[in-house]
Amino acid sequence: MTSTETVPAERATTVQVHRIFIKAEPERIWQAIIDPEWNGRYGYGAAAEYDLSPGGSYRSFASEGMKQASAEMGYPPPPEVIVDGEVIVAEPPHELVQTWRMLMDPTTAAEGFSRLTYDIAGPGPDGVCRLTVTHEVGGMPALDALVRGSEELGAPGGGGWDWVLSDLKSLLETGSGFAG
């Protein structure tokens with residue numbers, strides 16, 4: 001399967017939907033998703049680059065913190081590009097659809113490309129937008145578990161999309177993410 005093909009119907013049975021409400025303009029949320037000056041400041045600190053044209057590349061890079069943590073835990077260093085994919089649809093500042101493949105782990109890398117959609121709605125009269133992240137991970141049990149995250153605070157591997165989106169909300173609303 002190439003990175004622009006979607007998951008075959010027989011595999012598309014698991015869909016994760018994550019929603020968060022953020023008091024920010026859609027343009028600021030969009031920028032925080034697609035701009036490496038922003039997207040490297042929340043979640044796992046891995047800056048990502050997008051070519052927003054259809055078929056354009058998406059690449060997320062291992063941060064120095066990730067490299068250091070891997071060394072401290074006795075793991076091999078992560079690859080330079082830890083997640084890759086291609087843009088399918090980019091309609092700023094409301095919709096981004098892309099493929100997404102985790103390269104840090106051989107099992108998730110072998111599962112191939114999943115489909116990831118960001119949908120930004122609003123703002124409402126209160127200035128709040130709704131960000132919905134839909135991740136199609138059918139037939140990808142390792143990726144499903146990884147991006148679902150752990151409900152245990154401080155668990156290895158983190159809290160998946162819920163944690164990433166909560167950190168994004170904190171950054172946009174307070175100017176500071178979880179890491180400070």
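Predicted model: local features only at pLDDT ≥ 70, side-chain atom pairs only at ≥ 80, totals over all residues.
## Overall make-up

The protein has 180 residues, and 41% of them are buried. Its secondary structure consists of six helices and seven strands. Read from the N terminus, the elements follow the order β-α-α-β-β-α-β-β-α-β-β-α-α.

Among contacts with a separation of 6 or more, 53% are between residues 24 or more positions apart. The accessible surface of the protein is about 9,100 Å², and carbon and sulfur atoms account for 54% of that surface.

## The sheet

Seven strands make up an open sheet with antiparallel pairing, in the order β1-β7-β6-β5-β4-β3-β2. The edges are formed by β1 (15-22) and β2 (48-50), each of which pairs on one side only. On average, neighbouring strands of this sheet are turned by 20° against each other, direction ignored. In general, the strands of a sheet pair through backbone hydrogen bonds, in either a parallel or an antiparallel way.

One of the pairings joins strand β6 (residues 114-121) to strand β7 (residues 129-136), antiparallel and over seven bridges. Here L116 stands opposite H135 of β7. Helix α5 (residues 141-148) lies across β1, β5 (95-102), β6 and β7, and runs at about 120° to β5.

## W38 in helix α2

W38 belongs to helix α2, which spans residues 36-39. The relative accessibility of W38 is 18%; buried means under 20%, so W38 counts as buried.

Leaving aside residues up to four places away in sequence, W38 touches R28, Q31, A32, L171 and L172. L171 is 133 residues from W38 along the chain, yet the C-alpha atoms of the two are separated by 9.2 Å.

## Salt bridges within the sheet

The structure contains seven salt bridges. As a general point, side chains of opposite charge can pair when their charged atoms come close.

E49 and R59 form a salt bridge in which the closest N and O atoms are 3.1 Å apart. E49 is in strand β2 and R59 in strand β3 (residues 57-61), so this pair links parts of the chain 10 residues apart. E49 is partly exposed at 36% relative accessibility, and R59 is also partly exposed, at 36%.

D84 and R101 meet through their side chains in another salt bridge, at 2.6 Å from N to O. This pair links strand β4, which holds D84, with strand β5, which holds R101; the two residues are 17 residues apart. D84 is buried, with a relative accessible area of 15%, whereas R101 is partly exposed, at 21%.

## The E64, K67 and E80 network

Salt bridges with shared partners join E64, K67 and E80 into one network.

Methods: Residues numbered from 1 in each chain as written. Heavy atoms only, no water. Helix = DSSP H or I, 4+ residues; strand = E, 2+ residues; numbered from the N terminus. Buried < 20%, exposed > 50% of the residue type's maximum accessible area, 1.4 Å probe, protein only. Contact = heavy atoms within 4.5 Å. Areas by Shrake-Rupley, 256 points an atom, 1.4 Å probe, with all protein chains shown as cover. Pairing = 2+ DSSP bridges. Axes fitted to C-alpha atoms, helices over the stretch in contact; angles between N-to-C directions. Salt bridge = Lys/Arg side-chain N within 4 Å of Asp/Glu carboxyl O.
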